[in-house]
Amino acid sequence: MDKNIQNILDKILAGNASKEEVSMLNDWSKEAKENLQELNKIKDLNHSIDQSATLQAFDSEVAFDRLNSKMENPASSWKKYLLYALWIILFIVTYTSISHFWNKMGDEQKPNIEMAATNTILEEKLPDGTDVSIGLNSKLEILDNRKVRLNGLANFNVTKNPKNPFVVELNHGNITVLGTEFSVFTSQNKEEMYLKEGKIKYTTTNKVQVELKPGDYVTVTDGNVVFLKNVPDNLKNAFNYPLKYTKTNLSQVLDDLGKHYNVKVQNNSNQNLDSMNFSGKLDEDNLKNVLADLSGIYNLEFKLQNDEILISQK
Amino acid sequence: MKDTRFKYFFDNHYQLLCNYIMRLGADYDTSEDVAQEVLLKLWQQKGPFELAYALTCCKNKWIDWCRKTSSDKVRSEKWETLNHNHESQEELDAEFIKINKLNTLVRQLPHKTKEVFIMNKINGLTYSQIAERRNISVKTVENQISTALKFLRENW
């Protein structure tokens, strides 16, 4: 750049350029694009210097000291802590109320413990110490410490507690127990129970009450309670598998199987099962295999269909 | 306070931010309050220490302040002042960013040159007044000023 022009630019910035010099500079700026840019740059700088001169003065030292005290000792800090405290209190209140609410919900909707034996016998100790064996395809629901509901076959050895009797809810009644060992079978149409020792009280849904003494065997059909002397093997030795038979009539055997596996028996053949005898033991844990064995022995077809043993002609 | 970055930013921009807020329509004391709130916030959130960001913060803080304290009438008057003085917000921001650039350059000048330049250009003293106060010749003042302007022109 021309030294002369530079001088004039400096003079413009300094504010002491003459009129001639200004017009000279204007002519120069028209000569080239760069010149115009340079002139505009100088004008821009000059404007900023002028603007800078109009700025108000502020004491930044004093301001910094003021700010510093705020930073070290913020005036709003107690408000902040109060806010934190409020949030914490709100959280605790919400949390406790929600958990309380859920606990309450939980108490109301707490599902009963359910024990179901499908293809093996289940032997359990209940919370009160009572030993229970649950037969195949049978289900035991624990309603509370001393109250259960049974569907199917089970043997109980109840812990003694005279103050709090043990109750078994059945399909057609209740058994109240003080402390004893007994077996019970319950299904949609029939209930059977056998008392080994102690004393149990049976109450049907129609409020008929009977007391069983050791060795008693009771069947309940349509609300009729019948004491029988001939105790079926499967209840007497409820969970002593395999089932052993000597010249036992076939209908009894099938009845036992039905109880053992908790299935119904349906005879569709024209043969009287009472007139047929069975000797031997059924030691298969799988009902299908047992039925296949029986099918091999007799001139009958034993089939399992929808929880039902169907007997038909071959 | 140990954050030297913040201290540096504060020292070099506090006056500028106050002036910016005043240009938006605040009075002298309010502009200091607003600027300090913004700077406190910048310190708390550890930056960013950038002028453009700080200007935006100041603007927002000032709007907040107006909402809290002014009646609708006062507020609209303030905004009218603002809009009357400046065609757009960007223009005002650009102006202050340029002033900041100038300040940055001036800070780089040798100490005596800087002093003389500020006395002349910012405080508006004549060469002879400066020469008198500094106990130097007018020629020296002239030389200092021209050195300063040359540096600024070359680096602008």
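Biologist: Where is A:Asp10 found?

Modeller: A:Asp10 lies in helix 1 of chain A, helices being DSSP runs of H or I with at least four residues, strands runs of E with at least two, both numbered from the N terminus. This is a predicted model, in which local features need pLDDT of at least 70 and side-chain atom pairs count only at pLDDT 80 or more, while totals for chains, interfaces and linings use all residues. Residues are numbered from 1 along each chain as its sequence is written, chains are lettered from A and ligands numbered from 1 in the order in which they are written, and side-chain values use heavy atoms, without hydrogens and water.

Biologist: Why is A:Asp10 called buried?

Modeller: Its relative accessible area is 13%. Buried means under 20%, exposed over 50% and partly exposed in between, with a 1.4 Å probe and protein chains only; A:Asp10 therefore counts as buried.

Biologist: Which residues does A:Asp10 touch, not counting residues up to four places away in sequence?

Modeller: They are B:Leu149, B:Lys150 and B:Arg153, contact meaning heavy atoms within 4.5 Å.

Biologist: What makes helix 1 of chain A roughly perpendicular to helix 8 of chain B?

Modeller: Helix 1 (residues 3-14) of chain A and helix 8 (residues 138-155) of chain B pack at about 105°, their axes being 10 Å apart. Roughly perpendicular covers 65 to 115 degrees, whereas angles under 35 are roughly parallel, over 145 roughly antiparallel and the rest oblique. The pair is therefore roughly perpendicular.

Biologist: Which residues of helix 1 of chain A meet helix 8 of chain B?

Modeller: A:Gln6, A:Leu9, A:Asp10, A:Leu13 and A:Ala14 do so, facing B:Leu149, B:Lys150 and B:Arg153.

Biologist: How do you know that A:Asp44 forms a salt bridge with B:Lys98?

Modeller: Their closest N and O atoms are 2.8 Å apart. A salt bridge requires a side-chain nitrogen of Lys or Arg within 4 Å of a carboxyl oxygen of Asp or Glu, so the pair qualifies. The count between chain B and chain A is three salt bridges.

Biologist: How many residues does the contact take from each chain?

Modeller: Chain B gives 34 residues and chain A gives 31 residues.

Biologist: What makes A:Ser60 buried?

Modeller: A:Ser60, in helix 4 (residues 60-72) of chain A, has a relative accessible area of 13% and is therefore buried. A:Ser60 touches B:Phe10 and B:Tyr14, residues up to four places away in sequence not being counted.

Biologist: Why does A:Thr204 count as buried?

Modeller: A:Thr204, in strand 10 (residues 200-204) of chain A, has 4% relative accessibility and so counts as buried. Leaving aside neighbours within four places in sequence, its contacts are A:His172, A:Gly173, A:Val220, A:Gly223 and A:Val225.

How values were computed. Axes are lines fitted to C-alpha atoms, for helices over the stretch in contact, and angles run from 0 to 180 degrees between N-to-C directions.
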